Amino acid sequence: MQYSGFGGLKFVLNPVADEIDINNWRKTDHQFFEATQELHQLLRENSADEKEYRRYVDSMRNSVLTAFYTPAPLIKALADVMKENGITVNKMLEPSAGAGAFIERFKESFGTIRDISAYEKDLLTGKILKHIYPDVNAHVRGFEDIPEADKESYDLVTSNIPFGTASVFDLSYTRGNDPAKALAAKAIHNYFFLKGSDMLRDGGILAFITSQGVLDSPANQPIREALMKENNLVSVVRLPNNLFTEHAGTEVGSDLVILQKNKNKKELTENEKDFCLSIDAKDDRKINAWVMYSACTVFDEIIESTDQYGRKQPIFLHSGGVELLHLLGHKF
């Protein structure tokens, strides 16, 4: 239950076959050498053969850049608010489940949920997920493998989806006639939004934590427009950059986006039109128009910093820690 993945633990990429391998490690990581050796020994002892062991190691290493788990108070706030507002959840989908933090908190808030499906691509994490939640339909494979028969069947699709620009192999998206879906398959966070929307019944809720680039990037405007064609905009909360620092050891800008499926939608509201647009902000940055004009940003301190490309950008910090995130319930 305490497992939180290997996100940010880059030392697991280092060699550990011999004691001398420690010389290839950064000195600040030497304290983790023995524990990493023990981890590899554990994986070897519990693998059927060398091939299976290598699959575990490769899967673990691939998760270093994406497995940043969500603080429990944030998920609880989200689940509690849905419950308080009369949302009915009989069938729930978690498309990037990790070790099941969203499942745990939603079960706490809603009690019995009749049907929960979960997808987790990392092999080691998937085994832990299935062990902790034997009553969940847990699949140790990628979200792209969800059956077509599951489309338009879920009351709730919720997750902290993978951040990044990795492409997704889904022929129904790359070889279809929908240009937005073809574009979405080129970046995993965009793919999760459109694929997640596909899985919702009419009236169902999608609630994703995602990188700010999904809303801010001008290149993602076709993705946002596609979402607004069949979904109502419920809420966007721009979360503090230090939200994941305590729990996952990373500082990243993220948004909580909540949508509701509406297959009979005729037109967009002014807020939804803003949601589709990126506009100029200070220092040649682009920012989502809805975020600029209307969305809640959680912070009590702003620091001027730079992004990964060296461009100036503000960093929003919240000094109260994740325990104060129950206040988000008033912002949804």
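## A strand on the inside

Why is strand β2 (residues 115-119) largely enclosed by the rest of the structure? Five of the five residues of β2 are buried, so the rest of the structure largely encloses the strand. Here, buried means under 20% relative accessible area, exposed means over 50%, and partly exposed is in between (1.4 Å probe, protein chains only). Helices (H or I, at least four residues) and strands (E, at least two) are DSSP runs, numbered from the N terminus.

Before going on, note that this is a predicted model: local features need pLDDT of at least 70, side-chain atom pairs count only at pLDDT 80 or more, and totals for chains, interfaces and linings use all residues. Residues are numbered from 1 along each chain as its sequence is written, and side-chain values use heavy atoms, with hydrogens and water left out.

Strands pair if DSSP finds at least two bridges between them. β2 runs parallel to strand β1 (residues 91-94), with four bridges joining the two, and E94 stands opposite A118. β2 also pairs in the parallel sense with strand β3 (residues 137-139), over three bridges. Here Y119 stands opposite H139. To get from β2 to β3, the chain crosses through helix α5 (residues 123-132) in a right-handed β-α-β crossover. β1, helix α4 (residues 101-110) and β2 make a right-handed β-α-β unit too. Right-handed means that, with the strands pointing away from the viewer, the path from the first strand over the helix to the second runs clockwise.

## Another covered strand

Now for strand β6 (residues 231-239), which is mostly covered: seven of its nine residues are buried. Eight bridges join β6 to strand β7 (residues 254-261), and the two run antiparallel.

## Nonpolar cores

A nonpolar core is a set of buried Ala, Val, Leu, Ile, Met, Phe, Trp, Tyr and Cys residues joined through side-chain atoms within 4.5 Å. The largest one has 38 residues, and L93, F193, V236 and F275 touch the most other members. Its largest share, five residues, comes from α8. There is also a second, separate core of 28 residues, with L78, F106, A207 and V237 among them.

## A pocket lined with charges

The second largest pocket has a volume of about 240 Å³. Of its 15 lining residues, D178, K181, D198, A226 and E230 are the closest to its centre. A pocket is an open set of points on a 1 Å grid over the protein atoms alone, where a 1.4 Å probe fits, with protein on both sides within 12 Å along at least five of seven lines; lining residues have an atom within 4 Å of a point. Grid points are joined across faces, edges and corners, and the volume is the space filled by probe spheres set on the points.

α7 (179-184), α8 (188-198) and α10 (221-230) each supply at least two lining residues, and α10 gives the most, with four. The lining divides into four nonpolar, two polar and nine charged residues.

## Two loop residues

E152 is found in the loop between β3 and β4 (154-160). Its phi is near 55°, a positive value in a residue other than glycine. Most residues other than glycine have a negative phi.

S63 lies in the loop between α2 (50-62) and α3 (72-84), and S63 is buried, with a relative accessible area of 7%.

Conventions
Nonpolar A, V, L, I, M, F, W, Y, C, P; charged D, E, K, R; others polar.
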